[in-house]
Amino acid sequence: MRQYNITGMSCAACQARVEKAVNSLEGIESCSVSLLTNSMGVEGSADDKDIIEAVEKAGYGASIKESEGLNEGDISALVRRLVTSLIFLLILMYFSMGHMMLGFPIPAFLEGKHIYHAFIQMILSLIVMIINRKFFISGSKSLLAKAPNMDSLVALGSGVSFVYSLGVTVLMIIAKNNGNEAAVGSYMHDLYYESAAMILTLITVGKMLEARSKGKTTDAIKRLLDLSPKTAHLIRDGKEITVPVEEVKIDDLFAIRPGESIPVDGIVNEGVSAIDESALTGESIPVDKALGDRVFAGTINSSGYLVCRADRVGRDTTLSQIIRLVSDAAATKAPIARIADRVSGIFVPIVLVIAVITFIVWMILKGEPGFAVARAISVLVISCPCALGLATPVAIMVGSGVGAKNGILFKTAVSIEETGKADIVVLDKTGTITNGKPVVTDCVAIKADSDNKLLKLAGILEKKSEHPLSKAVTQKCEELNIDISDENSDFEVFPGKGLKCSYKGMTLIGGNSDYILNNCEDKTSTDEVNETVTRLSDEGKTPLIFATYDKILGIIAVADTLRQDSVEAIKQLKKMGLYVVMLTGDNARTAKATGAEAGVDRVIAGVYPDGKSGVIEELKKFGKVIMVGDGINDAPALAGADTGMAIGAGTDVAIDSAEVVLMNSSVKDVAAAVRLSRATLKNIYENLFWAFIYNMIGIPLAAGVFYNAGLKLSPMIGAAAMSLSSFCVVSNALRLNMCRIHDATRDRTKKKTLESIPEFDISQFNKEIKKESKVMVKTMNIEGMMCAHCEASVKKALESIDGVSEAIVSHEKNNAVVTLSKEVSNDVLKDAVEAKDYKVLSVE
C-alpha cells in the first residue's frame with residue numbers, strides 16, 4: 001500500500017470527495033482516505049503524479065508520505081488561533097451583551113450612540129472572521145467545486161449572520177438619517193455580529209479538542225516511534241564512535257551497553273545478556289541472548305554488554321514494520337464505515353436544503369426575518385458530518401494501537417471487524433495447541449531397576465540417532481541430570497522398527513512393540529507391554545519399548561504436549577460462543593486424544609497440508625472462520641479463512657498469508673484478539689449511534705420543529721453543540737485504551753452460533769499431486785516414519801535442499817511427494833532423508 005499525506009480536509013464530506021477523485025483514475029484497485037490521520041492509502045498501478053493531481057483538482061493537497069512521523073504543528077496553530085479569537089470575542093461580547101445582560105458599564109462616549117456601537121461590533125466580528133479565514137477559504141472552494149463540506153456550513157452560518165447584521169446596520173443608518181431614533185434602538189436587538197464571531201470561535205474550540213483527542217488515538221504509534229534511539233555506538237577500527245542511527249549500514253558492528261535501547265536489528269557477535277522485548281511482543285520476561293541470537297530495534301538491553309552485527313536497518317527493521325502495520329490498519333476502512341461514508345457524501349447538500357426550507361417556512365409563519373435567519377443559521381452550524389466520518393477510524397486506530405502494545409497486529413481495518421464476527425476458530429494442532437516438539441511424558445519401568453535406570457539405558461541407545469523421538473529421550477536425560485556419556489558400540493538403525501547397540505556386554509534394543517516382542521526372549525511381560533502400549537496410544541502418545549535380548553526393561557512414552565495455556569484459552573474461546581476446531585494431519589486416534597485433552601468441540605484429523613484450505617472452505621459454509629497457524633506451512637489455509645492468524649510469529653511480522661499476526665505463541669492471544677475486536681466493534685456502534693442521533697435530534701431542534709413546545713436553539717448554542725459532537729466521538733474511542741484484552745472475567749457467556757457441524761469426507765480435500773511435464777515431481781517411498789514429528793523431520797531435510805520447492809510428507813502413506821524447481825538427483829534426496837535415520841526404499 002502506498003501512502004500519501006492529504007491536506008485541506010475538514011470533514012467526512014472532504015474524505016468522500018478525495019476518495020471519489022482518486023477512485024476515478026485508471027489502474028486504482030482501492031483507495032482509503034483517513035480523516036483521522038489526514039492520510040490516504042492507495043493500491044494499484046496508477047502513477048503518483050496522477051494521484052496527486054487528482055487530489056489537487058478536487059481542491060485538496062497531497063504529497064507522498066515519506067515517514068511515519070506525526071505532525072504536532074496543527075494543534076499549536078489551532079491554540080494560537082483560538083486564543084486570539086477569544087480575546088476579540090470577549091471584547092465583542094462586552095459591547096454586544098455585557099451591558100444588557102450583566103449590567104456592565106459602557107464608555108460614556110457610546111451612550112445613546114447605537115450606530116457607533118454597531119460599527120465597533122462589526123469591526124471586532126470582522127477581525128475574528130479574518131483570524132478564522134480558513135473556514136471561509138476552504139468552504140468557498142468546496143462550494144465552487146459543487147462539493148460543500150463542514151467548512152461550507154460554518155462559513156455560511158457565520159457569513160449569513162454577518163451579512164444580515166450588516167444589512168441591519170445599513171437600516172439603522174437610514175433610520176438615523178430619517179430622525180427615527182426609536183427604530184435605531186429597536187434594530188440593535190437584530191444584530192448578530194456576536195453570533196458570527198461566536199460560531200467561528202466555538203467551532204475552533206471543538207477543532208482543538210478534537211485534534212488533541214485525535215492525537216491521543218495515535219499514542220501507540222508515538223510510543224513505537226520513541227522506542228528507537230536516535231544514535232548508535234558503532235565499532236570502527238576497534239573504537240566506539242557515536243553516529244546518528246540513520247548512518248548505520250548492514251554488517252556494521254555496534255555496541256549496546258546495559259540499559260540502552262537497541263538501534264537496529266542485528267545478530268549477537270559478542271557477549272551475553274537478557275533483552276526486554278516487551279515493547280514489541282508484549283512478553284514481560286526478558287529473553288536471554290548469546291552468540292548468534294537475533295536482537296531487534298527498540299528493545300532494551302537489561303544486563304550485559306553486547307556487540308552485534310547489523311542485518312536490518314532503516315525501514316526494514318522489525319520495529320519499522322510494526323509501525324507500518326499499525327499505520328496501514330488506520331489507513332484502511334472497515335466495511336462498517338461504508339454506511340457513514342454514504343451518508344457523509346450527501347449530508348452537507350441536504351443540510352443546505354433544510355436550512356433554506358427552514359428560512360422560507362418561518363418567514364411564511366412568523367414574517368420576522370431575524371427569527372427566520374436565526375433558525376436557518378442554527379441548522380447550518382449544528383449539523384456535524386465530522387462525527388460521522390470519525391466514528392469508525394478513531395476506534396480502529398485506538399483498537400489497533402492497543403493490539404500492538406500487546407503483541408497483536410491487525411494488518412487492516414477489515415481484519416479488526418471480521419475477527420470479532422467469527423463463528424468458528426480453527427486451531428492447527430502442531431505448534432499451536434501443542435508445543436510443536438516431542439517430549440517424554442511417561443516412563444514405565446517393567447524389569448529395569450528404576451525409571452532413571454530405564455532412562456539411562458534408553459539414552460545411551462538413542463543418543464546416536466537423529467530421530468525426533470530419540471532426541472526427546474536424550475533431552476529428558478539431560479533435564480534429570482542422568483549421565484549418558486558412556487559409549488555404545490555396534491549401533492544399528494532399523495527404519496520403521498527401532499535401534500540396536502552393544503553396551504557393557506549386553507545388547508540394547510528399542511523401538512515399536514512388533515520389533516521388540518519379535519527380538520526379545522522375555523515372553524512373561526507381553527501382556528503388560530501390550531496393555532501399556534494400548535493405554536498410552538489411546539492417550540495420543542507414542543510408546544517406545546526398551547529391552548535386552550532376555551528381558552523387557554520398560555516403556556517410555558513420547559508426545560507433543562499441550563501448551564501450558566491451551567486448555568484455558570480454548571475454554572475462553574468457547575465461553576465467547578465460538579466453535580473450536582482442531583485441524584491436524586495426525587491419525588484420528590492420536591488427534592482425538594489430544595483434542596479431548598485440549599477441550600475442543602471438533603477434531604478433524606488426517607488432513608494433509610495441501611488439503612487444509614479445502615477444509616476451511618467447507619467450514620465457511622457454516623459461519624465466519626478464523627484459522628490459526630504458523631503462517632508458513634498453513635499459508636493456503638490462512639489465506640482462505642475469513643481471518644488468518646499467524647501465531648508465534650515472534651518478530652517476523654511480515655507474514656503475507658495472515659491478516660492478524662500474533663507475535664507470541666500463546667493461544668490466549670487468539671481469545672484476546674477476538675475480545676479486542678468485539679470491544680472495537682461495540683465502540684464503533686456507539687460512535688455511529690451518537691453521530692446519527694445527534695444530527696437526528698439536533699437538526700429538527702435547530703430548525704424550530706419544537707418551537708411551540710418552548711424549545712428554541714440559538715446559533716451560538718448550535719455551534720457549541722457541533723464543536724463538542726466530534727470531541728465526544730473521539731473521547732469515546734479513547735476508552736478502548738482501558739480495554740483489558742487478557743481479562744476473561746468480563747466475558748459474557750454467549751450462546752454458540754453453532755452447536756455442531758455435520759460430518760464431511762476429508763478425503764476429497766487430500767488431493768494427490770500428479771506428475772506433469774511442466775513440473776518436476778518425485779515420489780519417495782520411505783520406511784521408518786511413525787508420527788507427525790517424523791514427517792516434520794523429513795520435510796525439513798528435503799526442503800533444505802537447493803531445488804526443492806515443496807515436500808509433502810505422509811507417515812501413513814510412507815512417502816514424500818517432492819516438487820522440484822530444478823533437477824535434483826535421486827541420490828541427493830535419498831542422502832538427506834537417510835541422514836535423519838529413515839530408509840528410502842525407492843524414488844520414482
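Mentor: In this predicted model, a residue is called buried under 20% relative accessible area, exposed over 50%, and partly exposed in between (1.4 Å probe, protein chains only). Residues are numbered from 1 along each chain as its sequence is written. Local features need pLDDT of at least 70 and side-chain atom pairs count only at pLDDT 80 or more, while totals for chains, interfaces and linings use all residues, and side-chain values use heavy atoms, without hydrogens and water.

Trainee: Is Asp-522 buried or exposed?

Mentor: Asp-522 meets Lys-447 in a salt bridge (3.0 Å, N to O), a term for a side-chain nitrogen of Lys or Arg within 4 Å of a carboxyl oxygen of Asp or Glu. Lys-447, with a relative accessible area of 33%, is partly exposed. Asp-522 has a relative accessible area of 6%, so the residue counts as buried.

Trainee: Which residue forms a salt bridge with Lys-624?

Mentor: Lys-624 is partly exposed, at a relative accessible area of 30%. The partner counts as buried at 13% relative accessibility, and the closest N and O atoms of the pair are 3.0 Å apart. The residue that pairs with Lys-624 is Glu-418.

Trainee: Which residues of helix H28 are exposed?

Mentor: Helices (H or I, at least four residues) are DSSP runs, numbered from the N terminus, and H28 covers residues 826-834, with Leu-829, Ala-832 and Val-833 buried. These three cover an arc of only 95° around the axis, as judged by the directions from the helix axis to the C-beta atoms, and therefore lie on the same side of H28. On the other side, the exposed residues are Asp-827 and Asp-831.

Terms used. Helices (H or I, at least four residues) and strands (E, at least two) are DSSP runs, numbered from the N terminus.
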